Amino acid sequence: MSAKYQAEYIWIDGTEPTAKLRSKTRVLDVGDEPPIWGFDGSSTNQAPGEESDCVLRPVLSVPDPIRKGPNVLVMAEVLLTDMSPHPSNTRAACAAMAEKYADSDTWFGIEQEYTLFKGSRPLGFPDNGFPAPQGGYYCGVGADEVFGRPLVEKHMTACIDAELAISGINAEVMPGQWEFQIGPVPAPAAADHLWLARWLLYRLGEEYGISATLDPKPVPGDWNGAGAHTNFSTKAMRESYEPCVAAAEALGRRADLHIANYGHRIEERLTGLHETARYDEYFYGVSDRGASVRIPWQVEKDGKGYIEDRRPNANCDPYVVTRLIMETIHEE
Ligand code: ADP
Ligand code: MN
Ligand code: MN
Ligand code: MN
């Protein structure tokens, strides 16, 4: 019998309004590449008709940091049996847009915020009532301020071992809330990496009895929501300032379209409070964390760099966000 390895196929389902991750394992002979595979779309909201077969096409294989050895995680896109993109497949359009504007060499850096829950309460929240108000938790240290660090550290190490482009982590403003950053890398890789990093977070949470949620407003009231600030730059933006401003202006000309595609329940998070601009207003500013789009002070000083779209929700689809940004800055 030949040596075997395990390939964990990971894909995005058809759940609305926010898609979920699914995965299953294929045992393969060492030396064989992960092949095209299939699954039962009637169990994932991906087969409305009588034909339930959906196709999984591998788009990226990385080392599996949990099973280790020769084992891999396989990001797959979902196709119909005629090999065209399934309606739920947002990657195909993202990849096509990146291809169309490949000469611009656009990079993305996405800050994924999330909240850790034990049962029905965020970590750090007492069984009844609320913890001390926000103020000391962001980038905090100490058992009274920081909750869930063992899982967060394990997740970061797993992302590095999986060769994902993770660039950092920090504790966030609300107790139990954290962030990791992916990038800067081009699309669709930035989104592939982000989806794989999300999967690793959920998967490692199983080992701690902790669930991670991308809910954009996990606790109503005076508690920060969770976003996915999307930083980006074209080659031209990395070389001079004027294209940075032009990109911020272009985003403003299609603000409603972006808001409608930046994640379910975005109105609950973009209230104008808690370091956000209202969902129905658009403005950009240097160093302004209350703006829709921020030009970092260093970028103004250097006269080149990148800008930050602060609007995407934590529960956004990064294939959609990166595709729309590329479309708008090139076509608006
Ligand atoms: P913040 O101050 O908003 O919390 P972070 O340090 O969390 O900023 O995230 C900044 C993000 O910007 C990182 O994901 C990083 O990869 C990304 N980034 C840095 N330079 C560029 C660039 N030239 N193009 C695109 N993204 C960039
Ligand atoms: Mn950040
Ligand atoms: Mn943050
Ligand atoms: Mn940010």
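Is Tyr306 buried, partly exposed or exposed, and what is the relative accessible area of Tyr306? In this predicted model, Tyr306 is partly exposed, with a relative accessible area of 34%, where buried means under 20% relative accessible area, exposed means over 50%, and partly exposed lies in between (1.4 Å probe, protein chains only). The model is predicted, so that local features need pLDDT of at least 70 and side-chain atom pairs count only at pLDDT 80 or more, whereas totals for chains, interfaces and linings use all residues. Residues are numbered from 1 along each chain as its sequence is written, chains are lettered from A and ligands numbered from 1 in the order in which they are written, and side-chain values use heavy atoms, with hydrogens and water left out.

Tyr306 is placed in the loop between α8 (297-302) and β14 (307-309); helices (H or I, at least four residues) and strands (E, at least two) are DSSP runs, numbered from the N terminus. Leaving aside neighbours within four places in sequence, Tyr306 is in contact with Asn231, Phe232, Ser233, Met237, Cys244, Pro296 and Val299, contact being defined as heavy atoms within 4.5 Å. The C-alpha atoms of Tyr306 and Cys244 are separated by 6.5 Å, although these residues are 62 residues apart along the chain.

Thr230, by comparison, is found in strand β11 and counts as buried, at 1% relative accessibility. A polar atom of the Thr230 side chain lies 2.9 Å from the backbone oxygen of Ala228. When residues up to four places away in sequence are not counted, Thr230 touches Phe108, Gly109, Ile110, Ile307, Glu308, Asp309, Pro312, Val321 and Ile325.

The model also contains manganese ions. The manganese ion (ligand 2) is coordinated by Glu111 (OE) and Glu179 (OE), at 2.2 Å; donors are N, O and S atoms within 2.8 Å of the metal (3.2 Å for Na, K and Ca), and water is not among the atoms, so sites may look incomplete. This pair links distant parts of the chain, with Glu111 in strand β6 (residues 107-118) and Glu179 in strand β9 (residues 177-185), 68 residues apart. Both residues are buried, Glu111 having a relative accessible area of 13% and Glu179 a relative accessibility of 4%.

The manganese ion (ligand 3) is coordinated by Glu113 (OE), Glu172 (OE) and Glu179 (OE), at 2.1 to 2.2 Å. Within this site, Glu113 in strand β6 and Glu179 in strand β9 form a pair that links distant parts of the chain, 66 residues apart, and Glu113 is buried, with a relative accessible area of 8%. Along the chain, the donors of the manganese ion (ligand 3) follow the spacing E-x58-E-x6-E. Glu179 bridges the manganese ion (ligand 3) and the manganese ion (ligand 2), which lie 3.8 Å apart.

Glu179 is also among the residues around ligand 1: of the 17 residues there, Glu179, Pro184, Ser233, Arg294 and Glu308 come nearest, a residue being near a molecule or strand if one of its heavy atoms lies within 4 Å of it. Polar side-chain atoms approach ligand 1 at several points, including that of Ser233, 2.7 Å from a nitrogen atom of ligand 1, that of Arg294, 3.1 Å from an oxygen atom, and that of Gln181, 3.2 Å from an oxygen atom. The protein covers 76% of the 590 Å² of accessible area that ligand 1 has on its own, with accessible areas taken from the Shrake-Rupley method with a 1.4 Å probe and, for residues, only the protein chains shown counting as cover.

The structure holds 20 salt bridges, each defined as a side-chain nitrogen of Lys or Arg within 4 Å of a carboxyl oxygen of Asp or Glu. Among them, Asp215 and Arg265 meet through their side chains (3.2 Å, N to O), and this pair links the loop between β10 (211-213) and β11 (230-233), which holds Asp215, to the loop between α6 (255-260) and α7 (266-269), which holds Arg265, 50 residues apart. Arg265 is partly exposed, with a relative accessible area of 24%.

A further salt bridge joins Arg253 and Glu332, the closest N and O atoms being 3.7 Å apart. Because Arg253 lies in helix α5 (residues 242-253) and Glu332 in the segment after α9 (318-331), the pair ties together parts that are 79 residues apart in sequence. Glu332 counts as partly exposed, at 38% relative accessibility. Asp309 and Arg311 form a salt bridge with closest N and O atoms 2.9 Å apart, and both residues are buried. Lys154, Arg203, Glu206 and Glu207 are linked in a network of salt bridges.

Terms used:
A polar contact is a pair of N or O atoms within 3.5 Å; within protein, one must be able to donate a hydrogen and the other to accept it, and residues adjacent in sequence count only if both atoms are side-chain atoms.
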